[in-house]
Number of protein chains: 2
Amino acid sequence: MAQKHKVVVTRKLIAEAQNLLNTVPGLEVVQWPSEQPCERSWLLEHAKGAAGILLMLSDKCDEELVSKAGDQLKVIASFSVGIDHVDRKALKERHIRLGFTPTCLTDAVADLTVMLILMAQRRGGEAMGKVLAGEWPQMPWHPLLMTGPQIRGCTVGFLGFGRIAQATLKRLLPFGIKRAIYLTSKPGKPIKELEDQPGLATEAVGSIEQLAAESDVVIVGCPLTPDTKHIVNADFFSRMKKTAVLINIARGPVVDTDALVAALDGGQIFGAGLDVIENEPNIQADHPLLKQPRCVLMPHIGSATIETREDMAIESVKNLLAGLKGEAMVNEYEL
Amino acid sequence: MAQKHKVVVTRKLIAEAQNLLNTVPGLEVVQWPSEQPCERSWLLEHAKGAAGILLMLSDKCDEELVSKAGDQLKVIASFSVGIDHVDRKALKERHIRLGFTPTCLTDAVADLTVMLILMAQRRGGEAMGKVLAGEWPQMPWHPLLMTGPQIRGCTVGFLGFGRIAQATLKRLLPFGIKRAIYLTSKPGKPIKELEDQPGLATEAVGSIEQLAAESDVVIVGCPLTPDTKHIVNADFFSRMKKTAVLINIARGPVVDTDALVAALDGGQIFGAGLDVIENEPNIQADHPLLKQPRCVLMPHIGSATIETREDMAIESVKNLLAGLKGEAMVNEYEL
């Protein structure tokens, strides 16, 4: 890069990624100086003349931004897995490349998925709530006190069977699950290490109804599309086992929240563990789901590990630099 | 059993175990008719003439009870892993056999241990608390929001390396832990399947100080004895990594609660996940540990799965019957 390139970065980065960025010669770095979200007006003002922009899920990358930047803009590097905040058409028309970070969070989300399964089965939220409310002294021990279903022997059903689902399944094997079934729009071969597992049957099912009916644990891991919106609905819950739990680590609107509240209320399912929900983060304390003791709701922390966020930051910088140099990115979105 | 035996059972049992008991010929079953704890006066009154007593952790089995029962008492079958509630000397003097159920809860407790590790690392209690308090809308996304350490690459340290610890370790392997270290009073060979794990070093450490210093996750799984009381204390916490978490699934008094509160308060450790605590269940809402957002406390639900409690009930009945017949029990405590 003999030529001086201006790059705009919408956030203060984690140390290692910041160092990587700072040590590149011939780069003029214009950077929002905080870990809190960047103001839109600041971004529009500083984008002018930029060859690259490194931005977050919370920064809208649209027609307005790219036209403010100007014709020299070569690359958008998004610190995210999702790219809903990016107007891909606007980039494609201008031959601007798009980098993103879809792979490095697989482990962190799979870990959280296992946590949510266990919390839902073992009534973790309800149990913690009783302790916090000072109710433990009034809970005389009896054999069925606070019991939930055990994961050993379960059939685990995956709605969507991509990287995160498969990484979750790998983690569940030593818990003694009996069977893994999945429904996917991209049928393909299950990964080899799953096929080789003694005593575990992994098989694609023919319908969502079958997945609902046969699973002890349902894991929603499919992308949100017009076809998958509310695909987990009242009909789905009516087919589930009363002892089964629903886990959603994908996107909130895949699950119909009202139907979930009704299913929990009516005892149609045993419990739920969610990292995402419709209309997040605008969930008030009086949200009906928060009144369900058998529902555990996390504030979308699937990828929230220090290591993963470092990896995402470093990968974003690498994608940005590769875009400037016309080289291969770690992960480039095909526009 | 040609002779009619009286047995006293201090609780209504789960269906399958109750059926097993009811179908034994020649048995006079005197049973407390509820799933709630049996009254002491009822037990003392009805013990007279019993050849066997099936009782719970909450029923004290002491000199008074066995002498009220009389010389024909052959067997105590305890529906429990621990036997702190049983006066073993009183039984031994009278040649009364003691059955208990130590093995069938291994899976359930190991499952809960994994849940507690993930909850402590991923700040699960704090995250749920923020959602329940309606704070999610006021949490603008930034790269380090609600992040915690990732389990991949961790060194996991086991204080006590018995059945539950080893079952936990098996479950942690696919999460990508790097190293497992342990300190045990009963050194022996690690189980074969752990030795065969590629990429995992399992080794005994020489001191508790080393275990504290090198672990990213410390799992307390040792029995409570005079030697292990408060073995996890201020000195232990001062040696732990700031990013490490403490898990206790054994007995509350192994950990010095005041020292734990101070360690969390001062940021000496990252977090804690507990299924047990000193003075349980008498934990009031104003307990200082409940004010620590990075501490998750469950009300001793380690073995609380429907399947495990069924297994424990069935095993207790089998131990009772074996004691009456002079046969081998599923698990007999050596007095």
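Before I go on, a word on the conventions: residues are numbered from 1 along each chain as its sequence is written, chains are lettered from A and ligands numbered from 1 in the order in which they are written, and side-chain values use heavy atoms, with hydrogens and water left out. Because the model is predicted, local features need pLDDT of at least 70 and side-chain atom pairs count only at pLDDT 80 or more, whereas totals for chains, interfaces and linings use all residues.

Over all chains, the structure holds 32 salt bridges. One of them joins the side chains of Lys241(A) and Asp216(A), with a distance of 2.9 Å from N to O. Lys241(A) sits in the loop between α10 (234–239) and β10 (245–248) of chain A, and Asp216(A) in the loop between α9 (208–214) and β9 (217–220) of chain A, so this pair ties together parts that are 25 residues apart in sequence. The helices (H or I, at least four residues) and strands (E, at least two) that I name are DSSP runs, numbered from the N terminus. Lys241(A) is partly exposed at 29% relative accessibility, while Asp216(A) is buried at 14%; here buried means under 20% relative accessible area, exposed over 50%, and partly exposed in between, with a 1.4 Å probe and protein chains only.

Helix α10 of chain A holds a further pair, Asp235(A) and Arg239(A), which are 4 residues apart and thus separated by about one helical turn, and their side chains meet in a salt bridge of 3.0 Å, N to O. Asp235(A) is partly exposed at 36%, and Arg239(A) is partly exposed at 37%. In chain B, Asp235(B) forms a salt bridge with Arg239(B), the closest N and O atoms being 3.0 Å apart, and both residues lie in helix α10 (residues 234–239) of that chain.

Let me turn to the cysteines. How many disulfides are there over all chains? The count is 0, taking a disulfide as a pair of cysteine sulfur atoms within 2.5 Å. For Cys38(A), the closest cysteine sulfur is in Cys61(A), and because it is 12 Å away, it is too far for a bond. Cys154(B) is in no disulfide either, the nearest cysteine sulfur, that of Cys104(A), being 18 Å away. Cys38(A) is buried, at 10% relative accessible area, and Cys154(B) is buried at 5%.

How values were computed:
Salt bridge = Lys/Arg side-chain N within 4 Å of Asp/Glu carboxyl O.
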